[in-house]
Amino acid sequence: MAFEPPRRLVRALRESAPDGDGWLERLPGTAERAVALRELTVERVQVPGGRSSLVVLVRRPDGTPAVLKLAPPRARPESERAALAHWGGLGAVELLEPAVTEGVLFLERLHPDVSVRSLPEAKALLEAAGTLRRLWVEPPGDHVFETVAERTGRQATAMRGAAAGAAGLVDAALAAREELLAAPPERRLLHGTFRQSKVLAGERMPWLAVGPDPVVGECAFDLARLVRDRVEDLIASPSGAATTRRRVKRLAESLDVDQERLRGWTLFRAVESGVRALRVGRPRDGELLLEFAGWL
């Protein structure tokens, strides 16, 4: 089978590394070797797929469905492997083998086309939040995960060169980060990039998280990305700003997270994503995110 990377993946990788690192060119051969090593039968490449990895639906020699996920080093697949191993299938997709090939994850098969986004919005938020709560555990004592301070420090550096039109929001976001990091209240293993589309239907549990970019820090940081889910719908709604504020309050209360800390991290993460989208040539996404951030 030809392992053709989906256009979405190719476009996203070229945005993040315009000069390339050869990973895409090596990908077909890497996928073929990973399949042969495990004696798998390939069903199909998941399309449109994600923005940071190739997902291949396969069957094991005994016919059991599974997934091969191949990701470049910049997507931190070994960090994802370590987090999935630590969670052990509780709240997240199960890792089916220890490290065999760097950058290749062999995973439990969920229902790839059924995420909580298929539910009505209120129900989707409830189910997503419940899944996220199960992931918030103590990190391993010898963990090598990035911390929230480290990750947002890199992001803050990139944000400082933002376009003049976003300068006010960038200043507010950076100030919020400094205040939040002055007294972080907890240290948990976080999903890192959690949103409704990262929660898929499963067999052994109704909903399980996939695709973490794990980080260690406070729970409000993780929850912040969920606040802006379906941002296009929020922006299109005449009550979008009020709905956003109610969502911050409801999510904070349901997961015992400080509301102001959640608001602060939501502001920082929305501005960071908006500025990054503008920088890589996605102006519509950037403008939506910055408009959303302005409501906070």
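This is a predicted model: local features need pLDDT of at least 70, side-chain atom pairs count only at pLDDT 80 or more; totals for chains, interfaces and linings use all residues.

Modeller: Residues are numbered from 1 along each chain as its sequence is written, and side-chain values use heavy atoms, with hydrogens and water left out.

Biologist: At what angle do helix 5 and helix 10 pack?

Modeller: Two packed helices are described by the angle between their axes and the distance between the axes. Helices (H or I, at least four residues) and strands (E, at least two) are DSSP runs, numbered from the N terminus. Axes are lines fitted to C-alpha atoms, for helices over the stretch in contact, and angles run from 0 to 180 degrees between N-to-C directions. Here helix 5 (residues 148-159) and helix 10 (residues 259-279) pack at about 45°, with their axes 10 Å apart. The two helices are therefore oblique to each other, given that angles under 35 degrees count as roughly parallel, over 145 as roughly antiparallel, 65 to 115 as roughly perpendicular and the rest as oblique.

Biologist: Which residues of helix 5 and helix 10 meet?

Modeller: Contact means heavy atoms within 4.5 Å. Helix 5 contributes Val 148, Thr 152, Gln 155, Ala 156, Ala 158 and Met 159, which meet Trp 265, Phe 268, Val 271, Glu 272, Val 275 and Arg 279 in helix 10.

Biologist: In what order do the strands of the open sheet lie?

Modeller: Strands of a sheet pair through backbone hydrogen bonds, either parallel or antiparallel; two strands pair if DSSP finds at least two bridges between them. In this open sheet three strands lie in the order 6-10-7, with mixed pairing. Strand 6 (146-147) and strand 7 (188-190) are the edge strands, each pairing on one side only. Strand 7 and strand 10 (residues 215-217) pair in the antiparallel sense over three bridges, and Arg 188 has Gly 217 in strand 10 as its bridge partner.

Biologist: Which residues of helix 3 are buried?

Modeller: Buried means under 20% relative accessible area, exposed over 50%, and partly exposed in between (1.4 Å probe, protein chains only). In helix 3 (residues 77-87), the buried residues are Pro 77, Ser 79, Glu 80, Arg 81, Ala 83, Leu 84 and Trp 87. They pack against strand 3 (65-70), strand 4 (104-108), helix 4 (121-135) and strand 7. Five of the five residues of strand 4 are buried, so strand 4 is largely enclosed by the rest of the structure.
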